[in-house]
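My entries follow in the order I made them.

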Amino acid sequence: MYNDCHILAPRQRRSTVMSSSLRHIRGFAWMLAALVALGPLAIDAYLPAIPLMAEDLNTSLHNIELTLSLFLIGFAAGQLIGGPTSDRYGRRLTILIGLSLFMAGSLITALGSHIELLWVGRLLQAFGGGMGVVNTMAMVRDRYSGRESAQVLSKIVTILMIAPLAAPFIGSFLLLFADWRSIFFFLFLYAAILLVVLRLALPETRLAEHVSVISPLRRYLAVLKNRQALAFLFSVAMSNAGMFAFITGSPGVYMGYYGVSEFIYPFLFGANILALSLSNQINIRLLHRFSTTQILRVGQSIQLILGISMIITTLLLQLPLGFLVAQIMLFIGMQGFIVANGMSGATDYFPHSAATATALISASGFTLGALSGALVGLLGDGTPYAMVAVMAACPLIGIVLREWLQRPVTVVQK
């Protein structure tokens, strides 16, 4: 077995002693949170503008919603390429290339006059964003492991919550003074500032002795052959799929079905981010007493119960918007128990290929998110039914796959 795939017990601490300068990077969590924020900013900031974009470009609402699915696919592809590139050539170089591509895609989208240009721009924007963002977990794993890794990730996610909370408000605010194109000019400027800051302040965290010439395919196969890592992978991926089902369906449900205005929508959307931020804070404290797997199981179980509850109350009781919003808040909030613990649990098996493992986990989540979002659009009939049904199915599938993969494999001797 080659060195990059030595299997570590999930609770085993790293023996490598990092240099004092690397262990005390000023603003480390803030910089990584700002990098990860590319995703939610690019996804959520333009949601209030979707109806206006369809009208301005003289195209269907479905074609504009397709830009979200394309973004998720491009983001997944960027992570799949960026992960092995980061493990082989370094975190910083991969981040800077990714930010440059994100900027180019933002300009193409902002200047596009046809829907086809928007599709191309969003794909390029997403690919670059994925290349950069995939390094976040890898850089944390370069320095921490086990509970410590999950705690640092939870802190980063807590800081990160500013982005998805603020993104729809930023989009709505820009629409007060300019058209939808200003949102993508804003994304270009954000990426440009971030590129300069990271170029000057963020050092390389990958250790030279961990560099190998192992092919990306062999790295990915090593992750895919590890059943315990796959159990964490599918737990995170299906939780993300449930969230993206909501993100895709929420504009039509909130603004279309319930008649919420484009300026009230960000408040309802932001309520979910507050719930997620709170659950991340709770997760940090729970990790002092419980294992990452225990907390993850609780989060998945609660998501499944809430999914079933949303189906029942929406189909049979037809309760008002406020009750649906409250259930969705709790559903999205449970990601605070699932994502950080699932990512930490999976990457602990691959300390020297953290970016590759992270890329596969994140790419799986975005790919399944694109599929769940497309399914919501395909089944959608203007009511909340399709959205809540897909949301409920995601934790069910995640739990079934986790239980199956974590079962001991019985070897039959002949």
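I began with rings: those of Phe, Tyr and Trp (its six-membered ring) pair if their centres lie within 6.5 Å, and planes under 30 degrees apart count as stacked, over 60 as edge-to-face and the rest as tilted. The model is predicted, and I kept to its rules: local features need pLDDT of at least 70, side-chain atom pairs count only at pLDDT 80 or more, and totals for chains, interfaces and linings use all residues. Residues are numbered from 1 along each chain as its sequence is written, and side-chain values use heavy atoms, with hydrogens and water left out.

Aromatic pairs. I found 12 of them in the structure. I took buried as under 20% relative accessible area (1.4 Å probe, protein chains only). F246 is buried at 1%, and Y254 is buried at 0%.

I then looked up Y265 and F269, a tilted pair with 5.9 Å centre to centre and 40 degrees between the planes. Both sit in helix α14, four residues apart, which puts about one helical turn between them. Helices here are DSSP runs (H or I, at least four residues), numbered from the N terminus. An α-helix has 3.6 residues a turn, so residues three or four places apart point the same way. Y265 is buried at 0% relative accessibility, and F269 is buried at 3%. I also noted a cluster in which ring pairs link F71, F75, F244 and F366.

Cavities. A cavity is a set of points on a 1 Å grid over the protein atoms alone where a 1.4 Å probe fits but cannot get out; lining residues have an atom within 4 Å of a point. Points are joined across faces, edges and corners, and the volume is the space filled by probe spheres set on them. I counted three cavities of 30 Å³ or more.

Which element gives the largest share? I found that α16 does, with three residues.

Helix α16. Its buried residues include L324 and Q327. I checked what the buried residues of α16 pack against (contact: heavy atoms within 4.5 Å), and the list is α13 (227-257), α14 (265-286), α15, α17 (335-347) and α19 (385-406).

Conventions:
1 Å grid on protein atoms, 1.4 Å probe; cavity = no way out; pocket = protein on both sides within 12 Å on 5 of 7 lines; lining within 4 Å. Helix = DSSP H or I, 4+ residues; strand = E, 2+ residues; numbered from the N terminus. Buried < 20%, exposed > 50% of the residue type's maximum accessible area, 1.4 Å probe, protein only.
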